[in-house]
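I opened my notebook on this one today. Here is what I looked up, in the order I got to it.

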Amino acid sequence: MTEDCREIRNLLPDFLSHRTSGEEQRAVQDHLERCVSCSEEALALKETFLALEGAKPSIPSETYWTNFLPRLHNRLSEERRTGRELAPWVHKFLVPSAALIVTILLVSRIGIIPESKDSFSEVRQVVEQMSASEFHRLAETSSDLLVPESSSRLEAMLPHDEDTRRAINSLIAASSDEFIQLREVNLHGLVDSGLEDLTDEEMETVIERLGGNGTL
Amino acid sequence: MPDKTDEVLIKQFQEGDVRAFNELVRRYQERVYWIARRIVGGHADADDVAQDVFIKIYDSLKGFRSESTFYTWIYRVTVNASLNLLRRNKIRDFVHFDEIIAPLLSDEAGPDEQLESKEQKTLIDEAIARLPEKQRTVFVLRYHENLPYEEIAQLLKRSVGGMKANYFQAVQKISRYLKESQ
């Protein structure tokens, strides 16, 4: 399969559902006229689109939509009543910090980062200075940390836990390249930590804020 | 409040008017539900996600700044919540009894075409449920939601080229699964 074939194949689903631009449509048509392999692929995909169009999902009843909002308010009242909402300071500081600490722990488990001098307080200070949006991004996908018990555990862990301290020190000692490399490691933990969802630019900002001079 | 824009409703909610939030829910509940339903597969899970999304919106809307449109934000929250649920339940690793197996075991009589259509739908559900989560998400956002690749790429923080490749791979996998199962 040529590079041309790869590019055309990526356009096939849109071509078959009439969503390509005029230029793209002509390019696909021209290619299909001279490429048997891509034509066969197009034919198979066409059948799939026909099958997809014929398969309608079961639709919720009208009552479901009518009850949606009252049920939502019931849940909101219930959550307020049982006090499951976290205090604002938890959202602002503890949860994002916890997300970062967990990330660091996960990163350190991979074993790529070397250890270095104790700089726990320095990192903590930097963490405190991170912007709300940086915090938010780190915390966003770590929904499990929103469970109050987890937050309490992590709060207790912050100043005392030796492993955390060591992990943070390790992170400080790693170079930017090493840290960026870690993003490529497809571990569920890292994915869940939210790092995987950061763009390169956001990642560089985090690294810069953590290291000050471009290194961790 | 039929003519008010999202921005106006958000501002009203931020000033304490809960009716504005209700209007936003009514405006987006079906869209949120269907995005979730198509990513997570079943009605019960989609309902959980949809409720969770609006609870999160309720909790966060006070601090919402119009850096992105509400519509983009709600998409992002819904996709993230759906993917989180998938990860928690590992939905792709098992088959829903109620939505996939049960219809096959049903005693309900019907014309052949109806049965064929039901089996076809089941196969398609299975094929989609087996897609890796990124491909499944791209498939839902492109095929069902008809979002431009640029928006999908922005939502998932990936390149446009990558999204096109993911969409093709998703359709190709569905196609192969249907072929192998028939």
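Which residues touch the most other members of the largest nonpolar core? I found Val32(B), Ala36(B), Val49(B), Ala50(B) and Phe139(B), in a core of 56 residues. I took such a core as a set of buried Ala, Val, Leu, Ile, Met, Phe, Trp, Tyr and Cys residues joined through C-beta atoms within 7 Å; buried means that 20 or more other C-beta atoms lie within 10 Å of the residue's own, with C-beta atoms placed from the backbone. Helix H2 (residues 18-40) of chain B gives the most to this core, ten residues. Helices here are DSSP runs (H or I, at least four residues), numbered from the N terminus.

A note on bookkeeping: this is a predicted model, where local features need pLDDT of at least 70, side-chain atom pairs count only at pLDDT 80 or more, and totals for chains, interfaces and linings use all residues. Residues are numbered from 1 along each chain as its sequence is written, while chains are lettered from A and ligands numbered from 1 in the order in which they are written.

Next I looked up Ala50(B). Leaving aside neighbours within four places in sequence, Ala50(B) is in contact (C-beta atoms, placed from the backbone, within 7 Å) with Gln29(B), Val32(B), Tyr33(B) and Ala36(B).

Then I turned to the contact between the chains: 26 residues come from chain A and 29 residues from chain B. On the chain A side, H4(A) gives the largest share, seven residues.

Last, confidence. I noted ipTM 0.76 and pTM 0.59.

Definitions and conventions. Contact = placed C-beta atoms within 7 Å. Helix = DSSP H or I, 4+ residues; strand = E, 2+ residues; numbered from the N terminus. Buried ≥ 20, exposed ≤ 12 C-beta atoms within 10 Å, placed from the backbone.
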